[in-house]
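Try each task yourself before you read its solution.

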Amino acid sequence: MLLEHVYLSLLPLVVSVVLAVLLGLLAHRLPWAKAALAGTANVLYTIPSLALFAIIPAVIGTQVLDSANVVIALTLYTTALLVRPVADALDAVPAHVTAAATAMGFRPVRRFLAVELPLAVPVLAAGVRVGSVSNISLVSVGALIGTGGLGVLFTDGFRQRYLAPIVIGIVLTLLLALVVDLLLVWLRDRLAPWTLVGKP
């Protein structure tokens with residue numbers, strides 16, 4: 001149950017980071033794309049999660065209880081959450097830094113991976129931390145349509161009018177969110193060690 005919750009919440013997070021970086025780069029390169037993506041992301045994020053869980057099977061032809069519905073829905077939500085911060089972070093990279101990298105012979109792809117993306121890591125990490133907490137909580141909503149995860153403890157507890165499973169589900173969800181957040185902070189510090197300068 002716990003491992004299923006981890007899978008359903010973290011797989012969309014990983015996929016959405018990749019998608020958000022690609023879309024954020026597109027928005028950074030093309031100003032018109034930034035406005036279009038930001039508008040689409042805002043609209044998408046306003047759709048209630050339960051409604052999206054129910055709509056996706058009709059759109060892609062999966063079974064209602066298929067866990068892929070939750071994975072796809074959370075991937076859409078998290079990508080929508082991350083696209084704007086990624087684009088803004090890339091826009092904030094100083095022009096003289098990219099110019100210096102170009103002068104040193106960095107081609108666009110290498111410059112993006114070695115210079116621009118690393119400088120965007122702190123902002124991206126902040127968004128990913130928010131997305132991870134959001135995903136871990138929203139996976140529980142999926143239990144209402146029959147998917148697994150810790151949400152089963154909530155639905156079982158309410159159905160049986162028994163408090164213990166609900167309390168256990170809440171505690172495990174909070175602990176999982178805390179552990180994932182700490183791991184993301186550790187990963188951010190490894191990828192962007194300059195952010196540690198001046199910290200005790």
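Predicted model: local features only at pLDDT ≥ 70, side-chain atom pairs only at ≥ 80, totals over all residues.

**Exercise 1. A bent helix**

Where in H6 does a kink lie, and what is its angle?

Solution. Residues are numbered from 1 along each chain as its sequence is written, and side-chain values use heavy atoms, with hydrogens and water left out.

Step 1: find the helix. Helices are DSSP runs (H or I, at least four residues) and strands are too (E, at least two), numbered from the N terminus. H6 covers residues 108-141.

Step 2: check the span. The expected span of a helix is 1.5 Å times one less than its number of residues. With 34 residues, a straight H6 would reach 50 Å, but its end C-alpha atoms are only 42 Å apart.

Step 3: locate the bend, taken as the angle between axes fitted to the seven residues ending at a residue and the seven starting there. The kink is about 50° and lies at Val121, shortly before the proline Pro122.

**Exercise 2. A helix for comparison**

Apply the span check to H8, then list what is buried in H8 and what covers it.

Solution. Step 1: H8 runs over residues 163-191. Its 29 residues should span 42 Å, and the end C-alpha atoms are 42 Å apart, so expectation and model agree.

Step 1: sort by burial, where buried means under 20% relative accessible area, exposed over 50% and partly exposed in between (1.4 Å probe, protein chains only). The buried residues of H8 include Pro165, Ile166, Gly169, Thr173, Leu176 and Ala177.

Step 2: look for the cover. H1, H6 and H7 are among the elements that cover these buried residues, with contact meaning heavy atoms within 4.5 Å.

Step 3: turn to the surface. Leu163, Val167, Val171, Leu175, Leu178 and Leu182 make up a nonpolar patch with about 550 Å² of accessible area together. Patches take residues with over 30% relative accessible area and no salt bridge, joining like charges within 9 Å and nonpolar side chains (Val, Leu, Ile, Met, Phe, Trp, Tyr) within 5 Å. The areas come from the Shrake-Rupley method with a 1.4 Å probe, and for residues only the protein chains shown count as cover. Leu178, at 46%, is partly exposed. As a reminder, an α-helix has 3.6 residues a turn, so residues three or four places apart point the same way.

**Exercise 3. Two residues and their surroundings**

Is His5 buried or exposed, and which residues does His5 contact beyond its sequence neighbours?

Solution. Step 1: His5 sits in helix H1 (residues 2-29). Its relative accessibility is 0%, so His5 counts as buried.

Step 1: leave aside neighbours within four places in sequence. His5 then contacts Ile136, Val139, Ser140, Gly149, Leu150, Gly151 and Leu176.

Step 2: repeat for Leu153, in helix H7 (residues 151-160). Leu153 is buried too, at 15%. Not counting residues up to four places away, Leu153 touches Met1, Pro165, Ile166, Ile168, Gly169 and Leu172.

Step 3: visit the loop between H7 and H8, where Arg161 is found. Arg161 has a positive phi of about 55° although it is not a glycine, and Arg161 is exposed at 81%.

**Exercise 4. Charge pairs**

How many salt bridges does the structure hold?

Solution. Step 1: apply the criterion, a side-chain nitrogen of Lys or Arg within 4 Å of a carboxyl oxygen of Asp or Glu. The structure holds eight.

Step 1: take Asp88 and Lys34, whose side chains meet at 2.8 Å, N to O. This pair links distant parts of the chain, with Asp88 in helix H4 (residues 67-91) and Lys34 in helix H2 (residues 31-45), 54 residues apart.

Step 2: take Asp181 and Arg129, which meet at 2.7 Å. Asp181 in H8 and Arg129 in H6 are 52 residues apart. Asp181 is buried at 16%, whereas Arg129 is partly exposed at 27%.

Step 3: Elsewhere, salt bridges that share partners join Lys34, Arg84, Asp88 and Asp91 into one network.
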